Amino acid sequence: MNSLTAQTYDPRELPKDFVKIYGGTEDSVSVFSSPARINIIGEHIDYNGGMVFPAAINRYLYVAIRKRSDTKIIYNDARFPGTYEFDVNETFVYKKENDYANYLNGILSQLKEKGFSFPCGFEILMASNVPAGGGISSSSALECGFAYAVSETFGFGIDRIEIAKLGQMSEHNFMNVNCGIMDQFIIAMGKKNTAVMLNCDTLEYQYAPLELGDYRFVVMNTNKQRKLADSKYNERRGQCEEALKILQDSGLKITALCQLTPDEWEKSKDAIKDEILLKRARHCIYENQRVKDAVKVLEEKNLSALGKLLNASHKSLKEDYEVTGIELDTLAEEAQKQNGCLGARMTGAGFGGCAIALVHKDSIDTFIENVQKAYTEKIGYAAGFFACESGDGVGRF
């Protein structure tokens, strides 16, 4: 089977590998896990007052940690050579040469800003089965897993929503990345066999059952280098703001596009004369409704209806929001043709990155083989694939 990872690391080996590096005994080492995530439906609407519908998946990053008797901090990774050393009392700053250690130091800087203090240093060994660059949020898994491990080790008792906020604040203030909170929220708050309907502005959320039975999500990575996403994101955001202002000027008392139901939209859309703005707003309003519909059909255990919603979401992202591109369209549309596939859509920012498909477990190997063949013939290089199930949020392993 084609995969985004060549091999998986057995986390039960982590205490043994930790002791090889740092000495001491295995029973002195604590291990924590942090999942990757997918967004099932609800794309490009979080900044329009809409809902996202993510789930944690059973691909994990693991953090082994132990306090030290001095003030030194040491980071190692089980798979990648190179040791990073710091002092717990220093003022942490972003440095490109610190690579992944920046994500960890960013969390420490935010903890210090919140008034948490460290009586001693600590040592870390990490290992990840989350595909890097797989579009399923490996950096957020790193941030939240580390934040939870440090909080538990030092008795800070930080709750899960605050763990999510720490990850987001580290991105904003330390990494200088203006990200939303969906990734960190689901990684901190996820529960196996559930997805979360989340309002990213208010952090109001609702768990919904995600009992897939004989079906699995297959993550499909275009393996395309994304260059357009940031500029097009800003452009789409501006177009949505323009559409909202037109609707407000026409007399609608709304502060975000997704406050409109599809019925309300159909009655008021004539105020928007520009075809592009009309399409952008239509995607937002109908995509938000698809999120609500997804919760309903999952409560009814109607997976085929969920598949149809995935297909409708992709069509809207392709035709109305125009953020897909030939690579994502090829993956989603070839997936939709396969036996055993209930539905497929792009997920994430678009213009590359990933798509997801809901596929019967007995069809997964054939599904991957067929979609890979069609994709490689059309695009000229291979995509990456892996199947997954829902998983738990950050926790002790």
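Select helix α11 and display its side chains: Ile364, Phe367, Ile368, Val371, Gln372, Ala374, Tyr375 and Ile379 are buried (under 20% relative accessible area; exposed is over 50% and partly exposed lies in between, with a 1.4 Å probe and protein chains only). Helices (H or I, at least four residues) and strands (E, at least two) are DSSP runs, numbered from the N terminus. This is a predicted model, in which local features need pLDDT of at least 70 and side-chain atom pairs count only at pLDDT 80 or more, while totals for chains, interfaces and linings use all residues. Residues are numbered from 1 along each chain as its sequence is written, and side-chain values use heavy atoms, with hydrogens and water left out.

Just after α11, select glycine 380, whose phi is positive, about 100°.

Proceed to alanine 349, in the loop between β10 (341–347) and β11 (354–360). Alanine 349 is partly exposed, at a relative accessible area of 31%.

Finally, select serine 313 in helix α9 (residues 303–319). Serine 313 is buried, with a relative accessible area of 0%. Which side chain does the side chain of serine 313 meet in a polar contact? The partner is glutamate 287, at 2.9 Å (a polar contact is a pair of N or O atoms within 3.5 Å; within protein, one must be able to donate a hydrogen and the other to accept it, and residues adjacent in sequence count only if both atoms are side-chain atoms). Beyond its neighbours within four places in sequence, serine 313 is in contact (heavy atoms within 4.5 Å) with Ile41, Glu287, Arg290 and Arg345.
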